[in-house]
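Welcome! Please take a moment with the sequence and the model shown here, and then let us walk through them together.

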Amino acid sequence: DRLKESKVYMKALFDYNPSEDKATPCQEAGLPFKRGDILQVVSHDDPTWWQAKRVGDSNLRAGLIPSKSFQERRLAYRVKMGTMPHLRSPGRPLSGLRRSFRLSRKGRQDTPEETPPESEFLTYEEVTRYQQRPGERPRLVVMIGSLGARINELKQRVIAENPHRYGVAVPHTTRPKKTHEKDGVEYHFVSKQAFDADAQNNKFIEYGEYKENLYGTSLEAIRSVQAKNKLCIADVQPEALKTLRTAEFKPYVIFVKPRIPESQPRHTSGTSPAGGEQYRITDEDLEEMRQSGAQMDQQYGHWVDRVLVKEDMASACAELRGILERLEREPSWVPVSWLR
Ligand code: 5GP
């Protein structure tokens, strides 16, 4: 009946266009949506077609959307028939990252992905409104970025402006400490043996190698920031989200991608008007950045709560500051499994 408002909300993990759906009983009655939209399921009486409204839509009429089980079944079928690559399959590796800061991943993440169980198909995730209460641990903020996003600098700047409120998860590294660095501030500087032992004991949520040194972030590094009642900002490899998406951390994921101009006017490279050295960005670099962003979006976009398109460092800092303030003040959508 009309008085009973449905309390079932689903976050869409895929784009849906009813006019391209051959299976729908009625294309006109379909509700189009995009990945990331929140859908209020008004009726799930039918096992194949749900009736739903999009949250935030002024349109009061509900439309038809494929049910979770139906969508899972047809995705599984398409993968089996080879008409669709699996969404979770690792993307094409980027060729020739010259200014590479990508770290090779170690351990079980290196094993090739197999076809996952049906429940891993990207369909819907049941969500609910969540508002952190005063005194409650703030959600973990995870920043992931595509090539050229420089999230480390972004994060450091915003934390430096507000060190009492925000904190960073200090990673471990085996590289030598530089003179201006302090142990426990930039990194925990440890021996290779100590690092390996910690890795063996599953202390790291992720780790990797860069220029023959090991780097990794421990769970403890995140917990110790949160124990001080600060909002913890971590920039980790996005694979770490598999581990971090729990009720304990309730990660809020920000994907930073640089704004990439269509094509670079040739004459802008060289020296800047001020006469200083300007570093040259070729069309090839831009293409790499574009590919890196697309790959990140394809592999991890469904876990992203907010995309920050970075114009320049100053405006990106201002935007990040705003996002963090709103996150603490306003309710946000989280998987229901985090609150049970
Ligand atoms: P640097 O030695 O110049 O401080 O850092 C080298 C690289 O290691 C940077 O690209 C930085 O992002 C990466 N790095 C720093 N901490 C971590 C971490 O906890 N995990 C991973 N995977 N990489 C890190």
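A crossing of two helices is called left-handed if the near helix is turned anticlockwise from the far one by less than a right angle, and right-handed if it is turned clockwise. Residues are numbered from 1 along each chain as its sequence is written. The model is predicted, so local features need pLDDT of at least 70 and side-chain atom pairs count only at pLDDT 80 or more, while totals for chains, interfaces and linings use all residues.

**The chain as a whole**

The chain holds seven helices and 16 strands. Helices (H or I, at least four residues) and strands (E, at least two) are DSSP runs, numbered from the N terminus. Of the 340 residues, 26% count as buried. A residue is buried if 20 or more other C-beta atoms lie within 10 Å of its own, exposed if 12 or fewer, and partly exposed in between, with C-beta atoms placed from the backbone. Two residues are in contact if their C-beta atoms, placed from the backbone, lie within 7 Å. Among contacts between residues at least 6 apart in sequence, 66% join residues at least 24 apart.

**Two helices that meet**

Two packed helices are described by the angle between their axes and the distance between the axes. Here, helix α2 (residues 151-161) and helix α7 (residues 313-329) have axes that come within 10 Å and cross at roughly 60°. That makes α2 oblique to α7; angles under 35 degrees count as roughly parallel, over 145 as roughly antiparallel, 65 to 115 as roughly perpendicular and the rest as oblique. The axes are lines fitted to C-alpha atoms, for helices over the stretch in contact, and angles run from 0 to 180 degrees between N-to-C directions. The crossing of α2 past α7 is right-handed.

Which residues of α2 meet α7? They are Glu153, Leu154, Arg157 and Val158, and their counterparts in α7 are Met313, Ala316, Cys317, Leu320 and Arg321. Sorted by class, this contact of α2 with α7 has six nonpolar, no polar and three charged residues. Ala, Val, Leu, Ile, Met, Phe, Trp, Tyr, Cys and Pro count as nonpolar, Asp, Glu, Lys and Arg as charged, and the others, Gly among them, as polar.

**Strands side by side**

Strands of a sheet pair through backbone hydrogen bonds, either parallel or antiparallel. Two strands pair if DSSP finds at least two bridges between them. The table lists some of the pairs.

| Strand pair | Sense | Bridges |
|---|---|---|
| β1 (residues 9-12) and β2 | antiparallel | three |
| β2 (residues 38-43) and β3 (residues 49-54) | antiparallel | four |
| β3 and β4 (residues 63-66) | antiparallel | four |
| β7 (residues 141-145) and β13 | parallel | three |

Within these pairs, you can look for residues that face each other. Met10 stands opposite Leu39 in β2, and Gln40 stands opposite Lys53 in β3. A hairpin of five residues joins β2 to β3. Further along, Trp50 stands opposite Ile65 in β4.

The pair of β7 and β13 belongs to an open sheet of five strands with parallel pairing, in the order β8-β13-β7-β14-β15. β8 (166-168) and β15 (306-310) stand at the edges with a single partner strand each, so one side of each is left without a neighbour in the sheet. From one strand to the next, the twist averages 25°. Inside this sheet, Met143 stands opposite Asp235 in β13. Helix α4 lies across β8 and β13, and runs at about 155° to β13.

**Residues in the loops**

Asn202 sits in the loop between α3 (192-200) and β11 (204-210). Its phi is near 55°, a positive value in a residue other than glycine. Is Asn202 buried or exposed? Asn202 is exposed, because 11 other C-beta atoms lie within 10 Å.

Asn229, in the loop between α4 (219-227) and β13 (231-235), also is not a glycine and has a positive phi of about 60°. With 13 other C-beta atoms within 10 Å, Asn229 is partly exposed.

Finally, Cys26 lies in the loop between β1 and β2. Cys26 is exposed, with 10 other C-beta atoms within 10 Å. Cys26 and Thr243 are 217 residues apart in sequence, and 40 Å apart in space from C-alpha to C-alpha.
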